[in-house]
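These are my notes on the model, as numbered points. Please read them alongside the coordinates.

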Amino acid sequence: MWETVIGLEIHTQLATKSKIFSGASTAYGAEPNTQACAVDLGLPGVLPVLNQQAVLMAVKFGLAIDAEVAPISVFARKNYFYPDLPKGYQISQFELPIVGKGTLTIELEDGSSKVVGVTRAHLEEDAGKSLHEDFHGMTGVDLNRAGTPLLEIVSEPDMRSAKEAVAYMRKMHSLVRYLGISDGNMQEGSFRCDANVSVRPKGQEEFGTRTELKNINSFRFVERAIDFEVERQIDLIEGGGKVTQETRLYDPNKHETRSMRSKEEAMDYRYFPDPDLLPVEVTAETKENIRRTLPELPDAKKARFMESFALNAEDAGILTTSRDMADYFEQVIKATDDIKLSANWIMGDLSGFLNKEGKEINESPVTAEMLAGMINRIKDNTISGKIAKEVFEAMWNGEGDADAIIKSKGLKQITDTGAIEAIVDEIIAANPGQVEQLKAGKDKLMGFFVGQVMKQTQGKANPGQVNQLLKQKLEL
Amino acid sequence: MHNKTIAELALGLRNGEFSSEELTRHTLARIASLDKELNSFITVSSEHALAQAKAADERLANGNADALTGIPIAQKDIFCTNGIRTSCGSNMLDNFIAPYDSTVVSKFNSAGAVMVGKTNMDEFAMGSSNETSFYGPVKNPWNTNTVPGGSSGGSAAAVAARLVPGTTGTDTGGSIRQPAALCGVTGIKPTYGRVSRYGMIAFASSLDQGGAFAQTAEDAGLILGAMSGFDERDSTSIDKPVPDYQADLNKDIKGLKIGLPKEFFSEGLDNEVARVIEAAIEEYKKLGAEIVEISLPNSGLSVPAYYVVAPAECSSNLSRFDGVRFGHRCENPDDLEDLYKRSRGEGFGAEVKRRILVGAYVLSAGYYDAYYLKAQKVRRLISEDFKQAFEKVDVILGPTTPSVAFNLGEKADDPVNMYLSDTYTIAVNMAGLPGMSVPAGFVNQLPVGLQIIGNYFEEGRLLNVAHKYQQVTDWHQRTPQGFE
């Protein structure tokens, strides 16, 4: 019936040490207004000086999405009044952005992939923050963030569902972190997006009227905000109404979008080239130098993982989500030869522990070497997969490496056939009824016997060996 | 002492004829007694000046003095001075004390110059008569019923009245050259990018350029040399060494090709002024210069194009004055909009508001192409005219202004007529070229200025051409009655 059309504008904070037009620090979390110098405050007479690092990062991004990097781009002033915009204008790029048309390939749930167009990406400065609480009817202004470099990445209206939008946002997030141009920290606002959303009857060529959803700062919210907005628009049209072009704000607490300003109220920003800054030149030589510093990008890495390690697309995708995870994986399989088991441990238990504690993989207390060491003990039958979980948790808690933990906790698997045989005999003798039923064909009871033996040995028997012995003894 | 040039004063200081402290006290005393009538200063910084003078005397005693060490100067009140109010001639900044020095002020400080105060100016440098100043108009020392010109009217009048031997100014459309002409002093606006704009409160960023006023070309060169140079804090400043402006002052100008643009000698030019300029040209012929008639066909478009570009930039540059962080803030605002409207409404004067409105209009959606972009194209045409002219000639000469100083109030209610007083100076800013005004005679006992325009970075040649003229004339040595 209805088709959704979505375009995203992603604002990603560039990981420069100082601001885009001043020498003040960009570090997050300082006392209000302690990281705002005369330039950030917009005092009379001060002038902006472009941070070259920000330019290099933008170029890096442009090359990574196969975009045209403009040999000449121009900073423009976007004029509007707001207390957290000190100069009364934001320095941005308008007619001539530094990065032109490019593409990003996203993976869809059905395993297929889709190419999303990137219209442009431009450099700009962030505004400060208005603090509306704690000032008794007044507004406080914190200008620490004012002048922080942003790269605004504008997509084509190529996405057709909230899920695609999320996939795009995740992929972009992964890419900027791969490139090392942004920390991508969404809580701190280093990566946020506006979504342009419209609906049209399936098969219709022209786009419906769009609304712009402002300032969404999590993957979950982007999906929920779009889903809500799509439903709102469809209801509106089906109820005989019309969508009005406007800017809407998503409220994650109430789970709704509400109108901020209509098209008629839209501001005229009176853009014009900033006469305080020279056009930005990027020479072919600079581009080539930066191209040489590009890391292996997510798509290439994924393809290599599939080909070299025989991983399926899904696993390769997950393992290459972040550069750190991919590096971790590659370190693990340098020290152990079971690729599949290594992948499963990283995607399973390790990721679970990281998520639970909100840690990044490079902060994991279990290093790649430690994990590989443990996997090797599984492979040589020193421990079972089940015991390995206990070992892993102990490693996580800082109790040492796998060998030390196996030793101190006495978790070594019993491989002595005689000892296991004795226990097997004991269990068979103690459960004559079940033996009869099993022999009569109730195969499920096999699990019961294995379980009993494992229980008796506190999990230290090799389950495969137990199985074997039971079959022998019961002449199955 | 006050009739001496900077070059003479520097010699006196070095020879121990007087100390910088004595010179500074003398200067401050003259300002105290004579400036009540002229109103050329907004702020007199006596204590600061005396402290600087004492430090200068030490430097002089230690033998590590620069050309300007111990010399009293005054800064146009557009250059930010750490700890001393910088008002820009506006109620908006009546309470503003910058926590930093502009690059120009730091350079004078390192040279050991003594800043005796901040000079009056048109509000935010917008004006040609100094009548838009929040601090009241400056009077022309030659006739206190007439205007001194603007926007750097205070700086020009202070030198003309021999209150101080040198001052700084800024020139966006003629704001150094026009008041220099109207007050009978020497003024130079260098090439755009020669003097750092850091800490110089912006009017129209692509046109604003700092420069100097003095009695002579030689002195103007000394001041300009001290204030020029690349500044990494100003992206539009140019990384090119500053030549020694004294080196070529006396160079022979025999064979110098002087271009006279016919557009500068057509209707609109006062006949008497024309005669004075013709006499100056005769002097140059005597010095062996060759006179060539040239044309700057697009110069007539410079005033209208300027009044698009300059207001456009100013409308944006002045947005930071919003009553939030510094400057004037209205009493008890009801809400944010009220804060903006009243703070700006009360803080800015009529001319500033007019230009903000014009600027916002020409940049607005639907008008941008017709006005702003068109004006930028005109600007390129104007630059092209000069480029072609300088293929034929070494310098361009003409009147600085179409007439001598007009009466206070005469053009105050007629902005367009006022704007036309910059008709010969504006094109130079549009092209970013260096230009000077040199005293060349009198009409009705009011000074006439001769404008000299040079190619990019040829300030040295301009100073040479002006100096040679000042060697054979004494117009620059005339002093207004009551200020001798």
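1. The second largest pocket has a volume of about 1,900 Å³. Of its 47 lining residues, R170(A), H173(A), F219(A), I318(A) and T321(A) are the closest to the centre. A pocket here is an open set of points on a 1 Å grid over the protein atoms alone, where a 1.4 Å probe fits, with protein on both sides within 12 Å along at least five of seven lines; lining residues have an atom within 4 Å of a point.

2. This is a predicted model: local features need pLDDT of at least 70, side-chain atom pairs count only at pLDDT 80 or more, and totals for chains, interfaces and linings use all residues. Residues are numbered from 1 along each chain as its sequence is written, chains are lettered from A in the order written, and side-chain values use heavy atoms, without hydrogens or water.

3. By class, the lining of the second largest pocket has 14 nonpolar, 17 polar and 16 charged residues, with Gly counted as polar and Asp, Glu, Lys and Arg as charged.

4. Turning to the interface, 37 residues of chain B are in contact (heavy atoms within 4.5 Å) with 29 residues of chain A. The two chains bury about 2,700 Å² between them, 59% of it on carbon and sulfur atoms; this is the accessible area (1.4 Å probe) lost on being put together, summed over both.

5. Between chain B and chain A the count is 1 salt bridge (a side-chain nitrogen of Lys or Arg within 4 Å of a carboxyl oxygen of Asp or Glu). The side chains of R197(B) and D276(A) meet in a salt bridge at 3.0 Å, N to O.

Conventions:
Points joined across faces, edges and corners; volume = space filled by probe spheres on them.
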